[in-house]
Amino acid sequence: MAEPTKTTMSPAEQQLFKSVAEGDADKLPRPSAEEIRAAIERGRQAREKVQNAVHPGTASSSRVFYK
Amino acid sequence: MLRPIEVVEFTPDLIAKRVGNAKAALYLVDYLTDLKATAVAVEPHYVDRHYLDDFANYYARSFRAPDPHCRRLHFFCGINASRVEQLLDEALLGEKAFNAAMAELNESYLGFVVRRPLDAAPLGRTVLRPYPPEGRRHYEVVRPYRVHLQGLRLVVHGLAYQQQDGGAAVCASTALWSALQRVAHVAGHRTPTPFSITEAAKSPFPASHGLMEHQMAEAITSLGYTADRFVPAENRALFRAKLMACLDSRLPVVLGIVTKVKTGAGETVVGHAVTVTGYAGPLAAGDVPTDFEGEPPLRMGSATVDTLYVHDDNLGFHAHFEISDGDTLDANGNKILKLYRGRTDKPNPKWWTPDTWSIESALVPKPDKMRLPLDDLFLNVIEHRPTIENMFPGVTLHYRVRFRAGVDYLDRVIHRDPLEPTALRKFVRGVSLPRHLATISVYAADDRHLIDVVMDATTVARDPNKPDVLAIIAPGVPQDSPAWARVAAIAAILDVPFVPGPRT
């Protein structure tokens, strides 16, 4: 059974989606290029291992006639 | 020979008289009563392309051939028979009157039923407006049907249904026929007839034997479409999520279902096929296990679906069915996924005894250029999840995946999503999108739509060293917000366009 969905965002989460004054936008923290590339690589590896585990052929086709 | 259109008041007796008392006819009466049908216009001589093809290839060569033509019944709500009669008459009094009559009839039009001259299966091509959404019903697999009645152009949005006749087609062909009504429309093709589907399946047996799953897939590909499939097996949550991904993509799903029946000698397994046309919401987000032990589950906003709307040629169209995990095990030791052909939230009709089947597989006809497998929609989430989590640190996220037409997505971006005007203009002026897209939609816990990660769905081969993202569209990420700064940095590394939401 899936746990119920949380239906609100915390104040800290909401802060992430509030615009700052235009002059301050350049000062907002950004992830570094290394951090981003590491996340991309983690995702690539995760995809590869899951993709290798997927074997559509192992779920054999039914021999039942649908009618 | 002149045979005028007959207009009468809608009554249950009328349906019994014109269509009979089979379960499909009783379903039709209940459905039209729920839609508050008031009047019926009957075309006494109607040539239906789908029946005609069945006739030419099957019935014409039988010993007692039925008539080659049909009747067609058109249903209206909110106006009585005399008003319909009056509008049909007034329509011929000049262009202004014609357009006024057409507008009023269109407003009241519920759809039509082709009455075939087959006593055992009179319900031919039937297209009726679905039930009103009322905030919970999602009929995703519908399309417009343009109808001509006395030269008036009427439109109904629905998905064609018909009873299986057992001669030219049984449930497997009929379920595919309904499914392909939608897919052919998207692909810009003429819809295949029941007989052409049965023929395309290349079964060596008579049509009455039914079709096996691989024969149904053969029919899909022979007719110029792509077949995709998925099974519940050990991961019923993933099956539900895939089912929902198809429906959100407005792709029909043909479910292969089985049950055991008693015979004179013991017990045997029988199969049936039905077409899923929609689902009931709202849906809570749920965890979907991945196919690799150790890879965390995906939080999907679609994994908890339990009510489906289904075209079942044993019963009727957009019928309310329910899916749930069963207690019994399949041959591989996995819990079965049950399909309850009825409803548990209120009484079922007296003439219908609900029953429970086991869902064995799902077959999805797709437009031929939608080459990306359904599995890849989920692999895309696995691949991009670390990057997306990096965009929104500390935020509880869930995902929905779907295929979309490139033109429809662009239309949505221009007209529906709140986006920052300068970035939107730059994107729309410069973008070139493929015919079919795959998108990951990312939501916060309060269901706020944060971003779409947009990818190409027309290509299977991909460069594993280069993420194949085409754009990041972010209606829920306001310009100049902390999240905006993070997404912008990531979009720059991915070298893709990024369109944020307006400043807040």
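**A residue in a loop, and its setting**

Tutor: S302(B) is found in the loop between β13 (298-300) and β14 (307-312) of chain B. The model is predicted, so every value below is computed from predicted coordinates. At a relative accessibility of 3%, S302(B) counts as buried, because the cut-off for a buried residue is under 20%. Setting aside residues up to four places away in sequence, S302(B) touches R240(B), A241(B), M244(B), L283(B) and R400(B).

G281(B) and P282(B) are joined by a cis peptide bond, with omega at about -5°. P282(B) belongs to the loop between β11 (266-280) and β12 (286-288) of chain B.

E134(B), a residue other than glycine, has a positive phi near 45°. The loop that holds E134(B) runs between β5 and β6 (137-139) of chain B. E134(B) is exposed, since its relative accessible area is 54% and the cut-off for exposed is over 50%. H318(B) is not a glycine either, yet its phi is positive, at about 50°. H318(B) lies in a strand, β15 (residues 316-329) of chain B. H318(B) is buried, with a relative accessible area of 3%. Thus E134(B) is exposed, whereas H318(B) is buried.

The next topic is a sheet in chain B. Five strands of chain B form an open sheet, in the order β1-β2-β3-β4-β5, with antiparallel pairing. Its edge strands are β1 (6-9) and β5 (123-128) of chain B, each of which pairs on one side only. On average, neighbouring strands of this sheet are turned by 20° against each other, direction ignored.

The sheet may be followed strand by strand. β1(B) and β2(B) pair in the antiparallel sense over four bridges. V8(B) stands opposite V40(B) in β2(B). Strand β2 (residues 37-46) of chain B is mostly covered, with eight of its 10 residues buried. β2(B) is joined in turn to β3(B) by seven bridges, and these two strands run antiparallel. Y46(B) stands opposite C70(B) in β3(B).

Strand β3 (residues 70-77) of chain B continues the sheet: six bridges join it to strand β4 (residues 109-115) of chain B, and the two run antiparallel. H74(B) has F112(B) in β4(B) as its bridge partner. Beyond this, β4(B) and β5(B) pair over four bridges, again in the antiparallel sense. F112(B) has V127(B) in β5(B) as its bridge partner. Seven of the seven residues of β4(B) are buried, so β4(B) is largely enclosed by the rest of the structure. In a regular strand the side chains alternate between the two faces of the sheet.

Helices complete the picture. Two packed helices are described by the angle between their axes and the distance between the axes. Within chain B, helix α11 (residues 406-415) and helix α12 (residues 421-430) pack at an angle of about 155°, and their axes are 11 Å apart. That angle makes α11(B) roughly antiparallel to α12(B), because angles over 145 degrees count as such. The crossing of these two helices, α11(B) and α12(B), is left-handed. L410(B), V413(B) and I414(B) of α11(B) meet L424(B), F427(B) and V428(B) of α12(B). By class, this contact of α11(B) with α12(B) has six nonpolar residues, no polar residues and no charged residues.

Another helix pair brings together two chains. The axes of helix α2 (residues 33-53) of chain A and helix α13 (residues 482-494) of chain B come within 10 Å and cross at roughly 70°. This makes α2(A) roughly perpendicular to α13(B), because angles from 65 to 115 degrees count as such. α2(A) passes α13(B) in a right-handed crossing. On the side of α2(A), the contact is made by A33(A), E35(A), I36(A), R37(A) and I40(A). On the side of α13(B), it is made by R486(B), A489(B), I490(B), I493(B) and L494(B). The residues of the contact of α2(A) with α13(B) divide into seven nonpolar, no polar and three charged.

Note on methods: Residues are numbered from 1 along each chain as its sequence is written. Chains are lettered from A and ligands numbered from 1 in the order in which they are written. This is a predicted model: local features need pLDDT of at least 70, side-chain atom pairs count only at pLDDT 80 or more; totals for chains, interfaces and linings use all residues. Side-chain values use heavy atoms; hydrogens and water are left out. Axes are lines fitted to C-alpha atoms, for helices over the stretch in contact, and angles run from 0 to 180 degrees between N-to-C directions. Angles under 35 degrees count as roughly parallel, over 145 as roughly antiparallel, 65 to 115 as roughly perpendicular and the rest as oblique. A crossing is left-handed if the near helix is turned anticlockwise from the far one by less than a right angle, and right-handed if clockwise. Contact means heavy atoms within 4.5 Å. Ala, Val, Leu, Ile, Met, Phe, Trp, Tyr, Cys and Pro count as nonpolar, Asp, Glu, Lys and Arg as charged, and the others, Gly among them, as polar. Two strands pair if DSSP finds at least two bridges between them. Buried means under 20% relative accessible area, exposed over 50%, partly exposed in between (1.4 Å probe, protein chains only).
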